[in-house]
Amino acid sequence: MSTAADELGTSPGPSGEETLHQPSGPQGSRPANPRPRRSPLRGLLTRPELGSVVGALAVFVFFALAADGFLRGSSLSTVLYASSTIGIMAVPVALLMIGGEFDLSAGVLVTSSALVSSMFSYQTTANVWVGVGVSLLVTLAIGALNGYVLTRTGLPSFIVTLGTFLMLAGANLGFTKLIDGTVSTKTIADMEGFPSAHALFASTLTLGGVGLKVTVLWWLGLVALASWILLRTRTGNWIFAVGGNQDAARAVGVPVTRTKVGLYMGVALGAWISGQHLLFSFDAVQSGEGVGNELIYIIAAVIGGCLITGGHGSAVGSAVGALLFGMTSKGIVFAEWNPDWFKFFLGAMLLLATLLNTWVRKRAEATT
């Protein structure tokens with residue numbers, strides 16, 4: 001027996017909003033009044049990442065002219081590395097925002113992931129890969145708990161994830177001091193399995209004489225995976241649907257609870273990858289790290305075209321937002337400006353990108 005969800009599927013339109021597939025006429029014929037096709041230019045103007053792409057091009061040209069050495073291979077490698085460390089988290093955070101929620105615990109969850117991996121391996125004297133596996137399970141469980149509590153209680157994601165943020169921040173510091181006696185973990189650089197884990201999470205690849213951190217590959221891989229999920233799978237349809245109108249999505253059979261729990265677990269997966277990079281880059285972890293980074297991830301997603309209200313955005317846009325962050329943070333250094341101005345530029349980019357995205361969206365809706 002078919003349901004409404006089987007007969008009417010949802011899929012993201014050019015602007016990132018869900019649309020319904022109407023059943024065709026008899027024997028697969030076209031509907032009587034087909035919707036007029038949009039021009040390619042109008043379709044481009046409705047893309048959620050348009051504002052961030054324009055902004056990224058402007059920032060790139062600006063620092064190419066203002067900062068000596070910005071276009072050197074080593075400088076661009078540094079920019080890509082800074083962008084990737086933000087982008088790995090900005091991608092799943094963007095998917096969560098498209099689904100209508102956000103996560104204030106994402107920053108400290110990165111540190112929690114690294115701490116679990118390090119302390120479990122050190123205290124049990126096990127191969128570090130055992131700690132990496134335990135960390136993955138613990139991190140995913142925290143993400144699933146966030147989503148479960150959110151959907152079961154109906155509380156706003158702000159309250160749920162703020163509570164998780166505070167608990168994790170306290171646990172990170174408390175457990176580290178309890179187990180290791182200090183605010184940082186013991187080094188695990190001499191433990192079995194460390195070289196191979198370092199190669200996967202923190203190595204540097206040499207391309208054309210320029211070093212490229214492996215995090216850039218993780219970042220690009222996550223962007224490709226997230227884009228495929230959003231644009232080519234039923235799960236992507238569900239994400240746009242629950243972000244656009246949760247009640248309507250539930251009415252046509254979208255599994256709202258499962259979708260939101262999965263989105264929070266996606267953020268947890270990104271936190272695990274970032275946490276392992278943090279650990280195997282420095283072989284020890286400071287328990288107080290990560291506080292405040294959740295805002296950077298959200299900013300990157302918003303600059304990339306995601307709306308706080310949900311139902312709109314793209315994985316590519318979040319990647320461009322992270323790239324903007326990387327270019328600005330390192331461009332200021334290369335230009336030898338006072339780095340205190342960085343947050344000013346970041347705030348200006350956030351406002352300008354949001355205003356541009358809102359203006360483009362309204363223009364597109366007015367001409368539809």
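I count a residue as buried under 20% relative accessible area, exposed over 50%, and partly exposed in between (1.4 Å probe, protein chains only). Helices are DSSP runs (H or I, at least four residues), numbered from the N terminus. The model is predicted, so I note that local features need pLDDT of at least 70 and side-chain atom pairs 80 or more, while totals for chains, interfaces and linings use all residues. Residues are numbered from 1 along each chain as its sequence is written, and side-chain values use heavy atoms, without hydrogens and water.

Entry: helix α10. I looked up residues 234–244 and found eight of the 11 buried, so α10 is largely enclosed by the rest of the structure. Among the buried ones are Trp238, Ile239 and Phe240.

Entry: salt bridges. I took a side-chain nitrogen of Lys or Arg within 4 Å of a carboxyl oxygen of Asp or Glu. How many does a search of the whole structure find? It finds two.

Lys260 and Glu101 meet at 2.5 Å, N to O. This pair links distant parts of the chain, 159 residues apart: Lys260 is in helix α12, Glu101 in the loop between α4 and α5. Lys260 is buried at 4% relative accessibility, and Glu101 is buried at 10%.

Arg250 pairs with Asp247, with the closest N and O atoms 3.8 Å apart. Because they are three residues apart in helix α11, about one helical turn separates them. Arg250 is partly exposed at 42%, and Asp247 is exposed at 54%.

Conventions
Helix = DSSP H or I, 4+ residues; strand = E, 2+ residues; numbered from the N terminus.
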